[in-house]
Amino acid sequence: MVDFKYCKDSFAIQTHRIFPLDLNTYGFLFGGKLMTLIDDTASISISRHCRRAAVTGSLEELNFLNPLHSNHSVCVESYVSGAHRKSMEVFVKVIGENLMTGDRYLAATCFINFVAIADSEHPDKDFVVPQVQPQSEEEKLICDGYPARRAERLAKRTDYKEFIEKLSIALPWETEA
């Protein structure tokens, strides 16, 4: 396995026209539709980085910055921004474009975490995914923040585990008030 890969090695991009059926009641791209595009694009980046099966672990810091309008395009760009043993973080940038004027705008950003897994094609459970090497100034900015984001994520995970242990999975009509 390669010790590292450049961010550009995992770069993925999807561009789509926004149609009326993709809109919410306010006339903007439905957030769930955008989340699907984001997860799909990020999964391609992950596959390019580790070349094995991986699953989405969490979607963090999804920030909707500007609404995406009907008949504009939505461009989702992603690349791996950090890696640790079997986990990988993907940075996603969403750019809208008014196709009549050519004006482009930042619509959203987020970080998604994936975990590489052993599967029938790659049964080795002792693998380690490649590290990430940024090159451009933007990649360096994003990747330099990975250790702090990872540390914060791990700290929150302990609190979250305690939280979910207190949640009920009983049928609502079978619980007492």
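In the predicted model, 36% of the 177 residues of the protein count as buried. The C-alpha trace spans about 55 × 50 × 35 Å along its principal axes. The protein contains three helices and seven strands, and these elements follow the pattern β-β-α-β-β-β-β-β-α-α when read along the sequence. Among contacts between residues at least 6 apart in sequence, 75% join residues at least 24 apart.

With a relative accessible area of 36%, phenylalanine 4 is partly exposed. Once its neighbours within four places in sequence are left aside, phenylalanine 4 is in contact with Pro130, Gln131 and Gln133. Phenylalanine 4 and serine 47 are separated by 43 residues in sequence, and their C-alpha atoms lie 14 Å apart in space.

Alanine 12 belongs to strand 2 (residues 12-17). Its relative accessibility is 3%, and alanine 12 therefore counts as buried, the cut-off for this class being under 20% relative accessible area. Apart from neighbours within four places in sequence, the residues in contact with alanine 12 are Thr41, Ile44, Ser45, Arg48, Val76, Glu77 and Ser78. Two of these contacts, Thr41 and Ser45, are themselves among the buried residues of helix 1. Leucine 154 lies 142 residues from alanine 12 along the chain, and the C-alpha atoms of the two are separated by 27 Å.

Helix 1 (31-50) has 20 residues and reaches 28 Å from its first C-alpha to its last, close to the 28 Å expected at 1.5 Å a residue. Its buried residues are Leu34, Leu37, Ile38, Thr41, Ala42, Ser45, Ile46, His49 and Cys50. An α-helix has 3.6 residues a turn, so residues three or four places apart point the same way. Helix 1 is followed by arginine 51, whose phi is positive, near 50°, although arginine 51 is not a glycine. Arginine 51 is placed in the loop between helix 1 and strand 3, and it counts as exposed because its relative accessibility is 54%, where exposed requires over 50%. A positive phi is also found in asparagine 71, another residue other than glycine, with a value near 70°. Asparagine 71 lies in the loop between strand 3 and strand 4 and is partly exposed, with a relative accessible area of 33%.

Helix 3 (146-165) likewise has 20 residues, and the distance from its first C-alpha to its last is 28 Å, close to the 28 Å expected at 1.5 Å a residue. The buried residues of helix 3 are Tyr146, Arg149 and Arg153. These buried residues pack against strand 3, strand 4 (72-84), strand 5, strand 6 and helix 2 (137-144).

At least two lining residues are supplied by each of strand 3 (54-64), strand 5 (87-98), strand 6 (104-116) and helix 3. The largest share of the lining, nine residues, comes from helix 3. By class, the lining has nine charged, seven nonpolar and four polar residues.

The cysteines were examined for disulfides. A disulfide is a covalent bond between the sulfur atoms of two cysteines. For a pair to be counted, the sulfur atoms must be within 2.5 Å, and by this rule the count comes to zero disulfides. Cysteine 7 is in no disulfide, and the nearest cysteine sulfur, that of cysteine 143, is 3.6 Å away. Cysteine 7 counts as buried, at 1% relative accessibility. Cysteine 110 is also in no disulfide, the nearest cysteine sulfur being that of cysteine 75, at 14 Å. At 0% relative accessibility, cysteine 110 also counts as buried.

Technical notes
Residues numbered from 1 in each chain as written. Predicted model: local features only at pLDDT ≥ 70, side-chain atom pairs only at ≥ 80, totals over all residues. Heavy atoms only, no water. Helix = DSSP H or I, 4+ residues; strand = E, 2+ residues; numbered from the N terminus. Nonpolar A, V, L, I, M, F, W, Y, C, P; charged D, E, K, R; others polar. Expected span 1.5 Å × (residues − 1). Buried < 20%, exposed > 50% of the residue type's maximum accessible area, 1.4 Å probe, protein only. Contact = heavy atoms within 4.5 Å.
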